[in-house]
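Hello,

Here is the structure we talked about handing over. My notes on what was found follow below it.

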Amino acid sequence: MSNLIKLASDELNEIILNALGRLVSDGSISLEPISPFNIEIPADKSHGDFATNVAMVCAKPFKMPPRKIAELISEQLVLDGTMFEHVEIAGPGFINFFLGRRWFSLALQAVLDEKGNYGKTDTGENKRILLEFVSANPTGPMHIGNARGGAIGDCLASILQSAGYNVEREFYVNDAGNQIEKFATSLEVRYLQIYKAGIEMPEDAYQGEDIIAHAKGFAEIYGDKYVEVSSEERRNALVDYALPKNIQALEDDLKKYRIVYDNWFRESTLHENGDVDKIVELLKEKGCTYELDGAIWFRATDFGADKDFVLVRSNGIPTYVVPDIAYHYNKLVTRGFDKAIDVLGADHHGYVPRLKAALTALGVDANKLDVIIMQMVRLMRNGEVAKLSKRSGKAITLVTLLEEISIDAARFYFNLREANSHFEFDLDLAVEKSSQNPVYYVQYAHARICSLISNLSAEGVDISDVSLAQLDILDKPQEIELIRHMANLPNEVDFAAKSYDPSRITKYTIELATLFHKFYDACSVKNAETEELKKARLALCEAVRQVLRNSLTMLKIECPEKM
RNA sequence: GCGCCUUUAACUCAGCUGGAUAGAGUAACUGCCUUCUAAGCAGUAAGCCAUUGGUUCGAAUCCAAUAAGGCGCGCCA
């Protein structure tokens with residue numbers, strides 16, 4: 001669990017503070033509160049490995065030009081015995097620090113030592129997070145938004161685990177309420193249509209062919225047995241038949257997409273155990289409700305929401321929000337998770353402040369609920385918006401998408417952009433097996449390394465006993481840049497976890513692959529000038545393979561050894 | 001009307017926790033395989049970072065307004 005970047009940065013912070021202390025004690029500068037300064041990694045490597053703006057932010061309180069302060073500080077810097085070698089003053093007053101060569105060997109060694117664990121951190125302190133994602137209605141197949149939500153949610157869960165959180169993946173099954181009634185109606189009509197003429201589907205029913213298939217399957221088993229019974233009996237029988245099939249299909253399809261949930265939480269359990277009614281009672285007791293037109297309303301505006309909303313309709317049936325409130329209450333109070341994260345489509349964003357208002361009214365800390373809003377995906381094919389599946393000609397679902405493109409491509413592409421960005425998905429590019437396709441570009445780097453390693457191990461080159469001193473001879477810019485990037489993985493994991501942004505990791509792998517291809521082109525391993533160099537370069541390749549594997553594993557994307 | 005999101009090269013997008021000359025990929029043009037996988041690399045060309053103001057030593061990045069586009073605003077979920 002080492003993080004060489006953080007070690008260096010922390011040490012640098014101390015070096016700078018010490019220098020400032022000396023300047024104060026010898027009277028060169030007055031004792032002023034030091035403005036918060038940054039230590040950053042410059043984009044341009046000629047500006048050093050680290051840089052600080054301390055001289056610039058101190059210019060005002062010390063009433064001195066920044067470059068003058070930078071000079072004073074740099075005279076007092078003590079680098080002996082640290083990871084740093086020298087400093088330069090540049091630009092408007094930046095102080096640039098250059099690491100000693102040994103640091104890079106230590107960073108490389110850390111990857112080789114920690115292997116599959118390299119990149120993991122303990123930042124999360126094992127806090128318990130419940131991550132809910134997809135939660136598609138069990139009344140039909142999953143759409144393209146579910147495909148994006150699945151990829152984002154599942155990869156985010158892995159990243160949070162790598163950052164030291166205790167994560168559970170959960171699917172909320174909406175197996176109660178109005179959409180199940182609608183499901184029942186649709187099934188009922190399709191079933192009766194088999195035996196009677198002149199029955200029309202209501203306009204708001206589910207029109208999909210899956211409903212017809214269910215009705216047929218049901219009729220094959222039970223025949224016309226349910227034609228003459230009461231509507232209630234018929235509907236129950238149909239739902240009991242079709243719903244488990246749909247839920248099983250969701251589970252199977254998601255498994256194909258490499259998503260396996262820890263929990264499938266059923267909405268119906270909240271109705272059955274009385275939690276839904278309890279929520280209404282609790283809100284009533286707290287005086288947060290009122291009656292209007294025969295319905296029970298929640299005073300959401302008292303808790304920061306944009307408008308009040310109905311909890312219980314005038315017909316006595318709660319609206320969908322009540323089970324949702326009960327569900328989140330269950331996550332945060334009953335089950336006591338430290339954090340609940342929901343991944344939702346942008347069309348649901350308006351509902352978040354209302355849910356949070358209700359939780360606040362119930363005395364739950366609403367900050368424990370974080371919602372990731374995903375913007376809509378636009379599928380493109382031949383430069384035009386694609387609405388229909390290439391094969392079936394019907395609306396594109398998660399399943400038909402995966403018939404068209406690989407699982408690796410889907411998972412990678414959906415994590416290529418931040419969740420909260422409008423996003424154009426190029427189907428042509430995703431199927432293309434070429435350099436233009438970033439997922440192949442990254443996998444190709446991995447396959448290249450594997451082939452290289454097997455060639456050299458056949459030659460008898462052994463890196464199991466490689467020493468720090470032997471690694472020190474790597475000094476080409478391409479080698480140094482590779483090591484620097486690998487050293488940054490733990491920080492990237494932490495940042496991706498903190499900002500709930502898996503796209504950090506896909507971008508990281510692309511950058512790593514780029515740096516490797518550049519190295520590969522510039523530095524031959526097989527024909528290295530000396531045996532020592534060959535060995536050191538092979539160790540570098542092994543480390544890159546490990547880091548690629550660790551980051552692609554986080555995304556659940558395959559690492560082919562041959563392509 | 002109100003709220004959320006977006007606007008950076010011809011196209012798709014990085015860069016957004018303020019920093020030094022704004023980056024990639026595609027498309028266009030030029031090179032590099034008798035040598036570890038050319039699914040690769042190197043190079044050329046391409047920009048009023050939507051507009052206008054503000055904060056700052058310093059703004060693509062933060063704030064405000066404007067414009068264009070996407071999504072919401074139900075006794076649907």
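Strand 6 (residues 166-173) and strand 7 run parallel and are joined by 4 bridges; strands here are DSSP runs of E of at least two residues, helices are runs of H or I of at least four residues, and both are numbered from the N terminus. Two strands count as paired if DSSP finds at least two bridges between them. In this pairing Phe-171 stands opposite Trp-264 of strand 7.

This is a predicted model, in which local features need pLDDT of at least 70, side-chain atom pairs count only at pLDDT 80 or more, and totals for chains, interfaces and linings use all residues. Residues are numbered from 1 along each chain as its sequence is written, while chains are lettered from A and ligands numbered from 1 in the order in which they are written.

The two strands belong to an open, parallel sheet of 5 strands, ordered 7-6-5-11-12. Strand 7 (263-266) and strand 12 (369-374) are the edges; each has a single partner strand, so one side of each is left without a neighbour in the sheet. From one strand to the next the twist averages 25° (axes are lines fitted to C-alpha atoms, for helices over the stretch in contact, and angles run from 0 to 180 degrees between N-to-C directions).

Helix 5 (residues 144-162) packs on the sheet and touches strand 5 (128-132), strand 6, strand 11 (339-345) and strand 12, where contact means C-beta atoms, placed from the backbone, within 7 Å. The direction of helix 5 makes about 160° with that of strand 6. Helix 11 (residues 321-334) lies across strands 5, 6, 11 and 12, at about 145° to strand 11.

Regards

Note on methods. Two residues are in contact if their C-beta atoms, placed from the backbone, lie within 7 Å.
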